[in-house]
Amino acid sequence: MGTGITIKGLVKRFGDKTIIDHVSFDIAVGELVCLLGPSGCGKTTTLRCIAGLEAPEEGRIEINGQPVFDSEAKLTVEPYRRNAGMVFQSYAIWPHLSVFENVAFPLRVRRAPNAEVETRTMRALAMVGLADFRTRSAQQLSGGQQQRVAVARAIVYEPDVLLFDEPLSNLDARLRDATRAEIRRLQRELNVAAVYVTHDQAEALSLADRILVMSEGRIHQAGTPQEIYAAPRDAFVADVVGATNFLDIAVHTIGDTTVQGVAPDGALVRATGHMTAPGPARVMVRPDRLRIAADSGDQGGENCMYGTVRQRLFLGGHYEYAVTVGPTTLRAFSPVEVAEGGRVAVSFAASDCIVLETKDAS
Amino acid sequence: MSASDTAVDLRPPARGSSATAIRAIFIATFTITAFLIVTPLAALLYGSFRTGGPGTNATYTLSNWQGLLEPSILDTLLTTLFISVATSLFSSAFGGAMAWLTYRTDFRFKRALVAAIGLSFFFPGFILAMAWVILGSPGGVLNGFLSGVLGIDSEPFDIYSVGGIIWIQVLHITPFAFFTLRGPLSSMDASLEEAAYASGANPWQVARRVTMPLMIFPLMSSLLLCFVLSVEQFAVPAMVGIPGHVNTLATELYLLISFSPPNTGLAAAVGLAMSAVTGLSIFVQRRVVHRRNAPTVTGKGYRLHMLQLGRSRGLAEVLCLLYALLSFIIPSIALLYTSAIKFFVANPFEAAWTWRNYNQIWESPGTIRSLVNTLIVAGGGAVLGLALGTLIAYSTHRLKPRGFRALDVLASLPFGIPGIVIGLGFLWSYVWLPIYGTLWVLVFCYVARFLPYATETVGAQIVQLDRALEEAAWTSGASRIASFRRIMLPLLRPALQSGYFLLFIAYFREIAAAALIYTSKTEVLSISIWSFFENANWGVASALSVVTTVITVSLMVAMTRAPLKL
């Protein structure tokens with residue numbers, strides 16, 4: 001079985017720039033954890049440190065209970081002894097080998113007998129749906145097929161851990177969706193710990209058991225996709241995980257679980273969250289949580305704002321609205337149809353309006 | 001994947017190379033490279049401060065360096081500069097013009113022209129010089145033609161002159177300029193010229209006002225390269241300049257050594273001075289190449305507008321044909337002719353035809369040994385040179401251990417050092433090395449001289465390979481050495497193949513580096529041809545030249561046709 005991955009106090013510097021700043025996290029066996037963040041946040045470097053392709057300055061990394069890096073004990077295990085399966089962003093399929101030999105390579109390097117090589121390789125190829133491709137030259141494959149060969153190669157020797165470096169970013173959108181589901185299914189079937197690096201929020205939300213949102217070498221927030229989406233810690237996390245609206249309100253009343261304040265257009269707003277003292281606060285509401293209704297003149301109350309539809313895009317299942325409310329523009333997804341230029345009432349529940357830590361507060 | 005069929009241990013192999021083995025290989029590579037390149041340079045530096053040669057009773061002195069300022073040496077320096085500047089200007093002009101004709105106009109015989117330029121590129125320089133001596137010396141074919149057919153007895157052609165040296169060098173070096181300039185010319189951004197056409201400029205104006213200025217940096221690069229190639233040239237000034245009492249630095253160096261008593265100290269100073277000139281030029285050229293500020297490379301794939309030459313096209317075609325004739329067709333005919341006659345006469349109708357010269361090659365043990373030596377040095381030496389070049393390229397582009405930048409600099413030094421100077425350096429080193437008088441000193445000298453060819457050829461391919469290809473091998477369980485063997489080497493095969501051919505051809509026909517370090521037992525073909533020539537045995541010299549050229553050209557054809565399968 002095994003214990004998955006343990007990372008403690010990882011630090012990686014490049015010159016005077018700190019790429020990874022004291023990162024720690026654990027991944028249980030069978031768990032898929034996404035490292036999500038913008039470019040330069042350190043997620044790929046963290047992955048490569050686990051694989052052994054980068055040498056951290058400080059920290060401790062354990063795979064399956066075995067330390068593979070320990071800066072205090074001056075221990076580094078070479079990448080070819082870590083038993084990690086890695087899928088590269090460029091797939092890195094070897095052009096001079098056939099599909100079969102590409103996938104069989106890890107077994108050949110381990111001096112497995114030919115019968116074993118045959119069985120295991122064909123099984124891995126079947127798992128990714130490429131059993132008929134064994135004699136094809138690697139150069140004759142499409143992007144999606146290359147990607148599947150890369151995955152087959154990473155799993156053929158039953159690694160202790162799977163590492164994915166933005167494996168879908170070079171595929172077109174439709175192929176991406178299909179392959180996403182495949183990767184998830186495979187990882188579940190193999191029941192290995194997996195680290196998945198991506199900058200795409202949809203991938204992270206749909207694939208991960210847990211998401212680690214990273215920025216500037218640090219983990220901003222860790223949690224399940226639902227937690228991250230519904231209760232982001234701050235504006236950065238909120239923005240990274242999905243489209244969102246921000247409102248700056250002046251809070252005058254603090255309750256047990258909610259606060260009350262006034263929005264820039266004068267509307268009364270109740271938001272979920274904690275504050276220490278009344279003052280300015282930033283709240284967020286997801287566009288899909290805003291209810292749009294034509295302004296009939298007689299709605300009111302808290303969490304209801306009035307504005308004009310500045311732009312409307314039809315997306316098939318719903319409309320995407322840009323509504324000007326006072327000085328702010330709110331994005332809303334709604335099936336309700338209102339013409340551009342029309343007056344609308346935008347309302348939301350207090351539980352959908354989250355207080356974020358403002359820059360001054362944190 | 002159940003536990004029951006885990007008959008094989010799927011954990012990664014416990015054995016395998018460690019970081020120390022890699023470090024050891026790097027240190028070995030570094031040491032060998034340093035030995036090959038620093039030894040001759042250090043020896044020269046040492047020798048330039050000595051009053052006498054290695055092994056003599058000599059003391060330290062500054063007189064060699066002061067000797068550089070002697071009028072005769074300064075004179076030689078000026079002559080060299082004059083010749084090289086003229087050569088570089090003409091070669092770049094002709095090479096650039098032919099590249100422009102090929103890639104930017106509606107010239108009709110493009111493939112033939114490129115093939116012809118390729119053939120002149122591979123035609124060995126000293127053989128070209130020989131052929132032109134046969135053609136252009138007093139008593140040679142051209143003067144004989146004038147006298148016998150046109151009745152002009154004044155013998156106006158004299159190849160033994162500054163003009164003769166420039167003539168032959170330009171013919172020989174123009175292909176280098178062509179290959180340097182064709183890249184930038186053919187990858188220019190078409191829209192820059194199209195904008196000029198749209199503004200109303202005619203094609204010649206566009207060529208002058210838009211194309212030319214954009215090509216300033218490539219042109220500068222070409223000028224510098226041709227300049228260096230000309231300064232380095234030994235064979236042409238040796239065959240053509242010495243009889244005409246025209247000295248360049250290269251031949252001056254040679255004469256200082258071959259006269260009795262040899263002035264090895266002054267030769268060392270001259271050699272270092274030469275290297276300073278060529279080294280500085282190469283250094284500047286590299287800076288220029290990196291500063292290509294013209295927006296030349298375009299990703300858009302618009303086809304470049306081909307200029308219509310109109311009435312000038314015929315003239316251009318004739319001129320290019322003339323180049324091909326002068327650079328290898330007529331010289332080849334002259335050599336074939338001379339190799340097949342008993343005594344040299346300018347008039348073929350008076351000649352006595354014979355196979356004797358060719359027979360003499362096979363019957364002479366000295367010549368056979370020379371041929372064998374050349375094959376050993378070229379065939380075996382190229383393997384060593386390629387292996388070393390590959391190790392260096394892999395270290396500097398991939399491994400990047402501590403000290404790799406120093407290795408990179410070391411390995412690129414030979415670019416700026418003339419062949420004859422490296423030869424002199426190895427001559428000076430023999431005191432410490434017991435290899436003098438063996439083929440090994442030739443092999444070492446050649447490997448050092450042409451090391452950049454190997455490192456650049458292999459390096460260019462390594463850089464193109466995705467780093468992840470090797471990283472995927474490592475994460476799959478292959479050690480660094482196993483992944484180099486299973487992944488890197490197979491993917492490098494095209495570069496290794498062309499690198500080997502390149503080195504073989506270069507070693508095969510090298511004369512400058514060998515001129516000072518050969519002995520009677522270690523003579524190589526280039527030296528043999530030269531000896532026969534100097535001894536007025538034009539017949540055998542030509543026959544040997546024909547054999548050498550056939551081998552070189554066949555290899556060139558094999559190299560360009562070799563299937564580059566992975």
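Helix 15 of chain B and helix 24 of chain B are roughly perpendicular to each other. I looked up the geometry behind this: the two axes come within 8 Å and cross at roughly 75°. An angle of 65 to 115 degrees counts as roughly perpendicular, so the label holds. I note that the model is a predicted one.

Next I listed who makes this contact. Helix 15 of chain B brings B:Asn357, B:Tyr358, B:Gln360 and B:Ile361. Helix 24 of chain B answers with B:Gly539, B:Val540, B:Ser542, B:Ala543, B:Leu544 and B:Val547. I sorted these residues by type: 6 are nonpolar, 4 are polar and none is charged.

I stayed with helix 24 of chain B, residues 538–561, and turned to its packing with helix 22, residues 480–509. Here the axes lie 10 Å apart, at an angle of about 170°. Over 145 degrees counts as roughly antiparallel. Helix 22 of chain B and helix 24 of chain B are therefore roughly antiparallel.

From helix 22 of chain B I noted B:Ser498, B:Phe501, B:Phe504, B:Ile505, B:Phe508 and B:Arg509. They meet B:Thr548, B:Ile551, B:Thr552, B:Leu555, B:Met556 and B:Met559 of helix 24 of chain B. I kept a reminder on spacing: an α-helix has 3.6 residues a turn, so residues three or four places apart point the same way.

Then I checked helix 20 of chain B, residues 451–464. Its 14 residues reach 20 Å from first C-alpha to last, close to the 20 Å expected. Which of its residues are buried? I found B:Leu451, B:Tyr453, B:Ala454, B:Thr455, B:Thr457, B:Val458 and B:Gly459. Their cover includes helix 16, helix 17, helix 19 and helix 22 of chain B.

I moved to chain A. I recorded 8 helices and 21 strands there. The C-alpha trace of chain A spans about 80 × 50 × 35 Å along its principal axes. Of the 362 residues in chain A, 43% are buried. I also looked at contacts in chain A with a separation of 6 or more: 66% of them join residues 24 or more positions apart.

Last, I looked up where the chains meet. In the model, 24 residues of chain A are in contact with 24 residues of chain B. On the chain A side, strand 7 (84–87) and helix 2 (99–109) are the elements that give two or more residues. Helix 2 of chain A gives the most, with 3 residues. I counted this side of chain A by type as 16 nonpolar, 3 polar and 5 charged.

Notes
Residues are numbered from 1 along each chain as its sequence is written. Chains are lettered from A and ligands numbered from 1 in the order in which they are written. This is a predicted model: local features need pLDDT of at least 70, side-chain atom pairs count only at pLDDT 80 or more; totals for chains, interfaces and linings use all residues. Two residues are in contact if their C-beta atoms, placed from the backbone, lie within 7 Å. Helices (H or I, at least four residues) and strands (E, at least two) are DSSP runs, numbered from the N terminus. Ala, Val, Leu, Ile, Met, Phe, Trp, Tyr, Cys and Pro count as nonpolar, Asp, Glu, Lys and Arg as charged, and the others, Gly among them, as polar. Axes are lines fitted to C-alpha atoms, for helices over the stretch in contact, and angles run from 0 to 180 degrees between N-to-C directions. Angles under 35 degrees count as roughly parallel, over 145 as roughly antiparallel, 65 to 115 as roughly perpendicular and the rest as oblique. The expected span of a helix is 1.5 Å times one less than its number of residues. A residue is buried if 20 or more other C-beta atoms lie within 10 Å of its own, exposed if 12 or fewer, and partly exposed in between; C-beta atoms are placed from the backbone.
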